[in-house]
Amino acid sequence: MCGILGYTGNRQASDILLNGLAKLEYRGYDSAGLAVLDKGEIKIAKNKGRLKVLEEKIKSGHEISGTCGIGHTRWATHGEPSDVNAHPLWSDDKDVVIVHNGIVENYREIKNKLSEHGYKFYSQTDTEAAVKLIDFYYKQEKNPLKAILKAIKEIEGSYCFVMLFKDFPDEVWGARKDLPLIAGQGKDESFLASDVSAILQDTRQVYYLDNMEIVQLKKGVVRFFDTEGYAKPKELSEVTWDMNAAEKGGFEHFMMKEIHEQARAVKDTFGSVYHSGKINLNEIGLNDENIKSISQIYIIACGSAYHAGAVAQYVIEDLAKIPVRIELASEFRYRNMPMNKNSLAIIISQSGETADTLAAMRRAKENGIKTLAIVNVVGSTIAREADSVFYTMAGPEIAVATTKAYSAQLIACYVLAMQFAKVRNEIDDSYYEKLMSDIQKLPEKIDEILDAKETLEEIAYKFVNSRNAFYLGRNIDYAVAMEGSLKMKEISYLHSEAIAAGEMKHGPISLIEKGMLVAGVMTQKNLYQKIASNMLEAKSRGGFLLIVATRGCENLKEEADLIFYVPETDEHFAASLAVIPLQLLGYYVAVARKLDVDKPRNLAKSVTVE
Ligand code: G6P
């Protein structure tokens, strides 16, 4: 997501910050800014758009002099990309200036509290609440550490803050929770960065901050504190990666990095609508009255977003009992179908720019249908034109084959399904509580699956020379099979088809050859036996059976060539777990085939033409 940097030393801070931020551009961003503390004054420059614009604005750094500063590349989450919302943000009198990565979940409560103390807010960001809360305590304590400690006890969410305090020259302060922050040690200078790649050209001596730690930088001195304010010793580490690896966080490809970011994407997406123990859809433009009046839902999307919608179709129909049609945007836009005015069109798109999806959304609007967009890129065209938006919090996705954005889309869909079901009284309170509990456990279960990824790496080599594969499932498992199959074909170029398992006998079975990969998904108990029979039909014709099943499923234990178990969860959420091994399988086959995983041939991340 956002890139963060801090520097104090003897060199011009703006030069160091501009160079370092350039190394973070790969993360994707929509605005950039920096602040430099010089002679008791903090000077700030920031803008929507590229770093180049910022660089020109401050004439390559020479108009902002000073040797202590902070910098930021922003990827908008709260508040559209704009000059005002760009970081750094400051307290009313610019005593405290901050850059931030992450989400302050309880920013509304904080703003309300501070408003009562006379604070005014000028941006749409959650970050402004944080800087003003720190300032509020700073005014009482006159001590950065004490102010930060008090503020972070109140701030909920995940964050990495880097700050300047006007009255503390040559000092940069930082704090982190759940998001990375690294301190770099140079000779007579020190650094803070969200990502080691930003400081590698200056130092390879780094400290990795633990969760809930506070850091103070002085020229060449780095000190750490715990949440009680006690100093903590820490060991210096030497970074041995090259620059390229550093940008990928040590992973060989962005795709694998993003696969590992899924737990966070899922958590943040849920966290964006979950406040004080409750899901609140008012802020995405849906109140109880709207929800009760929906008589039909159309889910409209392309590619993987369509596959997320396919899962949602089953989940919404089953939980909320609202009829759902899932539509390919490229088809929907040219259809003449009668549409009920009480319908809701849910538009799913990572980029928010896919031409067919945008056209289909406009078509729905022309028909007088309310549109709700589930979008990852803030301020994108679909987000701007939809009646309301549910932003997924996946952060920028670099690899063409989507993983974390798809996972975040699933969560947004589950949240809608749960809330629709609750508001329409289709589920009782105790089941709703179970769903609430299970959805919040998904991140840790995703990480648990990733811990076992080597099993799939080993098996992938079997398919290096394969030409065809089938992915089978029924209901939600069919929707997962579609996404798994797409991952395989997108990046490994292995021809792969997803088949609703019951359709096998109506044609596809004639294609099964000895050794062909037949992957089956089994997460829905009432269908275990059905899909097991279809898999056995494939096995008896020579298929290599790879099963992704929920732990506890006893079927095919003897007959499968490999069973990869995923943890149990409510069956409506099982797609979020079952898809992970299938993403990994596609990835490992592509790696085994020595292909360009992140930039597969002929494909684009964002398809803005018809
Ligand atoms: C392209 C991408 C896919 C994506 C699809 C829809 O084909 O390669 O990963 O699922 O477009 O994109 P959207 O941005 O609308 O989700």
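## Burial and the model

A residue is called buried when its relative accessible area is under 20%, exposed when that area is over 50%, and partly exposed in between. These terms are applied below to a predicted model. Asp 170 counts as partly exposed because its relative accessibility is 30%, a value in between the two limits.

## Division into domains

The domain assignment of the protein gives domain 1 as residues 3-240, domain 2 as residues 246-450 and domain 3 as residues 452-610. Between the C-alpha centres of domain 1 and domain 3 there is a distance of 44 Å.

Strands of a sheet pair through backbone hydrogen bonds, either parallel or antiparallel. E1 pairs in the antiparallel sense with strand E4 (residues 68-74) over 6 bridges. E1 is also joined by 4 bridges to strand E10 (residues 190-193), again with an antiparallel run. Gly 6 illustrates both pairings: its bridge partner in E4 is Ile 70, and in E10 it stands opposite Leu 192.

## Ser 194, a buried loop residue

Where does Ser 194 lie? Ser 194 is placed in the loop between E10 and strand E11 (205-208). With a relative accessibility of 4%, Ser 194 counts as buried, since the limit for this term is under 20%.

When neighbours within four places in sequence are left aside, the contacts of Ser 194 include Cys 2, Gly 3, Ile 4, Leu 24 and Arg 27. Pro 180, Leu 181 and Ile 182 are also in contact with Ser 194.

## The parallel sheet

An open sheet of 5 strands has parallel pairing and the order E19-E18-E20-E21-E22. Strand E19 (324-328) and strand E22 (388-391) each have a single partner strand, so one side of each is left without a neighbour in the sheet. On average, neighbouring strands of this sheet are turned by 20° against each other, direction ignored.

Strand E21 (residues 370-375) and E22 are joined in the parallel sense by 4 bridges. Within E22, Tyr 391 is the bridge partner of Val 375. Helix H10 (residues 303-320) lies across strand E18 (296-301), E19 and strand E20 (343-349), and runs at about 170° to E19.

## Backbone features in loops

The peptide bond from His 87 to Pro 88 is cis, with omega near 5°. Pro 88 is located in the loop between E4 and strand E5 (89-90).

Asp 170 is not a glycine, yet it has a positive phi of about 65°; it belongs to the loop between strand E7 (157-165) and strand E8 (172-177). Leu 556, not a glycine either, has a positive phi of about 65°. The loop that holds Leu 556 runs between strand E26 (544-550) and strand E27 (562-566). Is Leu 556 buried or exposed? Leu 556 is buried, with a relative accessible area of 4%, whereas Asp 170 is partly exposed.

Conventions: Residues numbered from 1 in each chain as written. Predicted model: local features only at pLDDT ≥ 70, side-chain atom pairs only at ≥ 80, totals over all residues. Heavy atoms only, no water. Pairing = 2+ DSSP bridges. Helix = DSSP H or I, 4+ residues; strand = E, 2+ residues; numbered from the N terminus. Axes fitted to C-alpha atoms, helices over the stretch in contact; angles between N-to-C directions. Contact = heavy atoms within 4.5 Å. Domains from an automatic or database assignment. Buried < 20%, exposed > 50% of the residue type's maximum accessible area, 1.4 Å probe, protein only.
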